Amino acid sequence: MMHAAVLHEFGGAPRFEKFPEPEPGDGEVLVRVSAASLTPLARWVTTDRDFARGREVPFICGTEGVGVLEDGSRVSFGVVRSPYGAMAEYAVAPAKLCTPVPEDVDDVTAAALMNPGVSAWNALSWGAKLEKGETVLVLGATGVAGKSAIQVAKLLGAGRVVAAGRNEQVLDTLAGFGADATIPLGQCDADLAEAFRGAAGENGYDVVLDYLWGRPAQVLLDALPRNFLVTSEVRYLQLGHSAGERVSVHANALRRTGVTLGAGAPPRIERLRELYPVVLAHAARGELRVDVEPVGLPEIEQAWRREVPGRRLVVVPEKGR
Ligand SMILES: NC(=O)c1ccc[n+]([C@@H]2O[C@H](COP(=O)([O-])OP(=O)(O)OC[C@H]3O[C@@H](n4cnc5c(N)ncnc54)[C@H](OP(=O)(O)O)[C@@H]3O)[C@@H](O)[C@H]2O)c1
């Protein structure tokens, strides 16, 4: 038996318990887990049956992490076979979802950057095809994904990055991550629309990375300048829905603004394997930062219920043993 974070009820918090150790099946490897990130996806798998993809309770939480294989190599891994998960002493993962982790990046950073860092790089480079000097707006810039996206946009050569978010304390720190301007979302719709227009600069936004959807997206889409002859294009990538699942898009918001709306580049395994080392190389040089808070496996139930604005909780099974 091993220790693990076990979910017994959808919508509840996992408990620190004993659970049988996994046995690798065809194409799988056994991983001794060093760090597992508490991402929004890891939470949604426990609340939303669409994200749960057939998982039935009880199951171990955690969809990705960093650990050591039986041959001693250190890898990041993604977990797909329920009832096993990353928040345990051991996990099983498909060998094709394991990627080497270089020595100069610690376990917690490597685990925390996998989801936000790689997805931001994938979205900006492959999805938006960001060009040097372009202007990027990040909606949800106060979250871990948004903070990563600001830095990745700058690393990829963005000329101006505008960061919009709700938590003003975190928003105030974003210049340190490379934001050229910030927009607090807690304004009335008219003021927020004006702030979006004002921060865009003369040529408008080239790329929008939207981790929020809901009201901020609605206000932005309604505020984009409309012309019969479109002079610029906005590549709008819908990446998350922390602020709401739906918006209502006026036909003219698509036809007369030059907006192309989509979800960006699909997360193809080959591309993610190619981008993860790039992300970690920048992390090793201190060019890509993620704020983390390591927690021990026995603390999982309390940690699960905590909000840590702008930071990522990362479960470390060795901690507190
Ligand atoms: N498609 C992809 O590849 C991809 C990759 C990574 C993340 N995501 C998605 O992006 C979203 C954010 O991820 P994350 O890692 O940044 O999560 P996180 O670190 O937990 O941050 C959550 C973010 O959502 C904001 N938020 C929550 N409710 C809000 C509301 N009602 N109005 C405005 N802002 C609100 C928070 O704002 P404050 O802290 O300012 O209150 C914070 O910026 C999630 O939906 C996640 O699944 C998608």
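## Close-up views of a predicted model

**Figure 1. The loop that holds Trp-213.** Trp-213 sits in the loop between β12 (207–210) and α7. The model shown here and in the other figures is predicted. Phi of Trp-213 is near 55°, a positive value in a residue that is not glycine. Is Trp-213 buried or exposed? With a relative accessible area of 11%, Trp-213 is buried, because buried means under 20% relative accessible area.

**Figure 2. Helix α7 and what covers it.** Helix α7 spans residues 214–223. This helix is mostly covered, with seven of its ten residues buried. Which residues of α7 are buried? They are Gly-214, Pro-216, Ala-217, Val-219, Leu-220, Leu-221 and Ala-223. The cover over the buried residues of α7 includes helices α6 and α8 (251–255). Strands β9, β12 and β13 (234–238) are also among the elements that cover them.

**Figure 3. The packing of helix α6 against helix α7.** Two packed helices are described by the angle between their axes and by the distance between the axes. Helix α6 (residues 189–200) packs against helix α7 at an angle of about 65°, and their axes are 9 Å apart. The crossing of α6 past α7 is right-handed. On the α6 side, the contact is made by Asp-189, Leu-192, Ala-193, Phe-196 and Arg-197. On the α7 side, these residues meet Arg-215, Pro-216, Val-219, Leu-220 and Ala-223. Sorted by class, the contact of α6 with α7 has seven nonpolar residues, three charged residues and no polar ones. An α-helix has 3.6 residues a turn, so residues three or four places apart point the same way.

**Figure 4. Glu-194 in helix α6.** Glu-194 is a residue of helix α6. Its relative accessible area is 47%, so Glu-194 is partly exposed. How many residues apart in sequence are Glu-194 and Ala-223? They are 29 residues apart in sequence, while 7.8 Å separates them in space, C-alpha to C-alpha. Ala-223 is one of the buried residues of α7.

Figure 5. Asn-227 lies in the loop between α7 and β13. With a relative accessible area of 38%, Asn-227 is partly exposed. Asn-227 and Arg-255 are 28 residues apart in sequence. In space, the distance from C-alpha to C-alpha for this pair is 9.0 Å.

**Figure 6. Val-152 and its contacts.** Val-152 belongs to helix α4 (residues 144–155). At 0% relative accessibility, Val-152 counts as buried. Which residues does Val-152 touch, not counting residues up to four places away in sequence? Val-152 touches Gly-117, Ala-120, Trp-121, Leu-124 and Leu-288. Gly-117 is 35 residues away from Val-152 along the chain, and the C-alpha atoms of the two are separated by 7.5 Å.

**Figure 7. Lys-129 in the loop between α3 and β9.** The loop that holds Lys-129 runs between α3 (107–127) and β9 (135–139). Phi of Lys-129 is positive, about 50°, although this residue is not a glycine. Is Lys-129 buried or exposed? Lys-129 has 52% relative accessibility and therefore counts as exposed, because exposed means over 50%.

**Figure 8. Two cis peptide bonds.** Val-57 and Pro-58 are joined by a cis peptide bond, with omega about -5°. Pro-58 is in the loop between α2 (49–52) and β4 (59–60). Ser-82 and Pro-83 are also joined by a cis peptide bond, and here omega is about 15°. Pro-83 is in the loop between β6 (74–78) and β7 (90–94).

**Figure 9. The whole protein, for orientation.** The protein has ten helices and 16 strands. Its radius of gyration is 20 Å, close to the 20 Å that the globule rule gives for 321 residues, so the protein is as compact as a globular protein of that length. Along the principal axes, the C-alpha atoms fill a box of roughly 65 × 40 × 35 Å. Of the 321 residues, 52% are buried. The accessible surface comes to about 14,700 Å², and carbon and sulfur atoms account for 50% of that surface. Among contacts with a separation of 6 or more, 70% are between residues 24 or more positions apart.

Technical notes: Residues are numbered from 1 along each chain as its sequence is written. This is a predicted model: local features need pLDDT of at least 70, side-chain atom pairs count only at pLDDT 80 or more; totals for chains, interfaces and linings use all residues. Side-chain values use heavy atoms; hydrogens and water are left out. Axes are lines fitted to C-alpha atoms, for helices over the stretch in contact, and angles run from 0 to 180 degrees between N-to-C directions. Helices (H or I, at least four residues) and strands (E, at least two) are DSSP runs, numbered from the N terminus. A crossing is left-handed if the near helix is turned anticlockwise from the far one by less than a right angle, and right-handed if clockwise. Contact means heavy atoms within 4.5 Å. Ala, Val, Leu, Ile, Met, Phe, Trp, Tyr, Cys and Pro count as nonpolar, Asp, Glu, Lys and Arg as charged, and the others, Gly among them, as polar. The radius of gyration is taken over C-alpha atoms; the globule rule is 2.2 Å times the number of residues to the power 0.38. Buried means under 20% relative accessible area, exposed over 50%, partly exposed in between (1.4 Å probe, protein chains only). Accessible areas come from the Shrake-Rupley method with a 1.4 Å probe; for residues, only the protein chains shown count as cover.
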